[in-house]
Amino acid sequence: MVIKTESDLTPAVLAVMNRTEDPRLREILVAMVKHLHAFVREVRLTEVEFREATAILNEIGKLHADHHNEFVLMAGSLGVSSLVCLLNNGDKGQTETSQSLLGPFWRLNSPRVENGESIIRSETPGTPLFVHAKVVDRDGRPIAGAEVDVWHASPVGLYENQDPDQAEMNLRGKFMTDKQGRFWFRTVKMVGYPIPVDGVVGRLLKAQGRHPYRPAHLHALIFKHGYKTLISQVFDPSDPNIDSDVQFGVTAALTGNFIRHEEPHPTEADIPGPWFSLDYTYVMEPGEAVLPRPPIK
């Protein structure tokens, strides 16, 4: 088709998109073109701005490495990750959900750990934390034999793949729920931390006057055939940035109760106090058990 004016362009592109055989891909491409073209018209995007935008996308791709995923950071910083999560869980966004965004630091093949053991693998100063959790279905029935992958940042605000002072797979572990759907382990209390700001996302935050911090949280990925894979984060409500998560991931359902205890631990003789405990229940929905693609190695 020969384009005479700018008003001819969008119908011409949509006509091509509508030839896509796969119905879902066709729906996505048609909607994407409609919204992209409407966006360009709304902001009257200049040629210079367009060239800068494509350069930024190229830069984001080049920043990807085995230990870093700039696209995931950007999606979270724009609220897209959380929006996709909330629209696809909790009865399509109608009810609360234990689901959350995966984040850029999940790794495959974390080591197996028996319930009650520690996920600390190198010297990690911090206040002891004892996690007791349960995995249930939507009716509250326990889910036995679920594989639970947990990970979190250290008390210095770094994941082990970011920190040469931590052992490989420090503060990561994979558990199996018992007949009552329970799993439990020992670790150290995590703190909030800044996301990496040495790339495109950092420039975005600076331009907006935003801080780069995520409130303290515990990650979990729970896998069980017959259930949709649960990706979750449990946040500490006492964190000073609980109301301004740079990745927009905090929901009421994902807020945990981290209780501080001053007395000695009742069963661990090496813990005179203080120490923290966290009790939390994860709710899985029926669906297909599929592991996500790891954002890093």
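How are α4 and α7 oriented to each other, roughly parallel or roughly antiparallel? In this predicted model, the axes of helix α4 (residues 70-77) and helix α7 (residues 200-208) cross at roughly 25 degrees. Angles under 35 degrees count as roughly parallel. α4 and α7 are therefore roughly parallel to each other. Their axes come within 9 Å.

Now look at the residues in that contact. From α4 come Glu-70, Leu-73, Met-74 and Ser-77. They meet Val-200, Val-201 and Leu-204 of α7. By class, the contact has five nonpolar residues, one polar and one charged.

Next, the domains. The domain assignment gives domain 1 as 6-45 and domain 2 as 74-286. The C-alpha centres of domain 1 and domain 2 are 39 Å apart.

Turn to the aromatic rings. The whole structure holds eight aromatic pairs. One of them joins Phe-130 and Trp-275 edge-to-face, with 5.7 Å centre to centre and 85 degrees between the planes. This pair links distant parts of the chain. Phe-130 sits in strand β1 (residues 128-136) and Trp-275 in strand β10 (residues 275-283), 145 residues apart. Both Phe-130 and Trp-275 are buried.

Phe-175 and Phe-185 make a stacked pair. Here the centres are 5.0 Å apart and the planes 25 degrees apart. Phe-175 lies in strand β3 (residues 172-176) and Phe-185 in strand β4 (residues 182-188), so the pair ties together parts 10 residues apart in sequence. Phe-175 and Phe-185 are both buried. They also belong to one aromatic cluster, together with Phe-183, Tyr-280 and Tyr-282.

Notes:
Residues numbered from 1 in each chain as written. Predicted model: local features only at pLDDT ≥ 70, side-chain atom pairs only at ≥ 80, totals over all residues. Heavy atoms only, no water. Axes fitted to C-alpha atoms, helices over the stretch in contact; angles between N-to-C directions. Helix = DSSP H or I, 4+ residues; strand = E, 2+ residues; numbered from the N terminus. Parallel < 35°, antiparallel > 145°, perpendicular 65-115°, else oblique. Contact = heavy atoms within 4.5 Å. Nonpolar A, V, L, I, M, F, W, Y, C, P; charged D, E, K, R; others polar. Domains from an automatic or database assignment. Phe/Tyr/Trp six-rings, centres within 6.5 Å; stacked < 30°, edge-to-face > 60°. Buried < 20%, exposed > 50% of the residue type's maximum accessible area, 1.4 Å probe, protein only.
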